[in-house]
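Dear colleague,

Please find below the structure that I am handing over to you.

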Amino acid sequence: IEFDNMEAYRDERGALLLEQPSDNIMDGGFPNVPARLLRVGGTVRVHFKGKQGSVEKEVSEEQLRILGEQTEARCPVANMMHASGCEMDLQWINGSGS
């Protein structure tokens with residue numbers, strides 16, 4: 001698996017905003033903008049190998065879609081990002097033969 005053109009976005013005000021008195025950390029306030037990542041996007045290029053490891057395997061678009069869903073559901077980092085409310089915009093593509 002290769003990750004290409006990955007980009008993450010967060011609103012820096014969540015970490016830096018102290019404009020309103022209620023948001024002042026010294027007053028016990030918190031910014032009204034989250035400090036977390038809001039969006040992560042990019043391309044996930046998957047290279048499939050046959051049983052011998054040297055022969056590339058044919059994979060359907062449906063199999064690739066299921067692999068993406070299952071990987072995102074089982075990956076602890078992806079789970080943490082989903083739970084935080086981060087939007088995941090990943091494009092899963094077959095990298096075999098490229």
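Please note that the model is predicted. Three strands form an open sheet of mixed pairing, in the order β1-β2-β3. The edges are held by β1 and β3, each of which has a single partner strand, so one side of each is left without a neighbour in the sheet. From one strand to the next, the twist averages 10 degrees. Strands β2 and β3 run parallel and are joined by eight bridges; Val44 stands opposite Trp92 in β3. Helix α2 packs on this sheet, where it touches β2 and β3, and its direction makes about 140 degrees with that of β3.

Helix α2 covers residues 61-74, and its 14 residues should span 20 Å at 1.5 Å a residue; the end C-alpha atoms are 20 Å apart, which agrees. Within α2, the residues Leu64, Gly68 and Glu72 are buried. They cover an arc of only 65 degrees around the axis and therefore lie on the same side of α2. Ala73 and Arg74, on the other side of α2, are exposed. The packing partners of the buried residues of α2 are β2 (39-46), α3 (76-84) and β3 (87-94).

Finally, I would draw your attention to Asn5, which lies in strand β1 (residues 2-9). Most residues other than glycine have a negative phi. Asn5, however, has a positive phi, near 50 degrees. Asn5 is also exposed, its relative accessible area being 68%.

Yours sincerely

Terms used
Residues numbered from 1 in each chain as written. Predicted model: local features only at pLDDT ≥ 70, side-chain atom pairs only at ≥ 80, totals over all residues. Heavy atoms only, no water. Helix = DSSP H or I, 4+ residues; strand = E, 2+ residues; numbered from the N terminus. Buried < 20%, exposed > 50% of the residue type's maximum accessible area, 1.4 Å probe, protein only. Expected span 1.5 Å × (residues − 1). Arc of directions from axis to C-beta. Contact = heavy atoms within 4.5 Å. Pairing = 2+ DSSP bridges. Axes fitted to C-alpha atoms, helices over the stretch in contact; angles between N-to-C directions.
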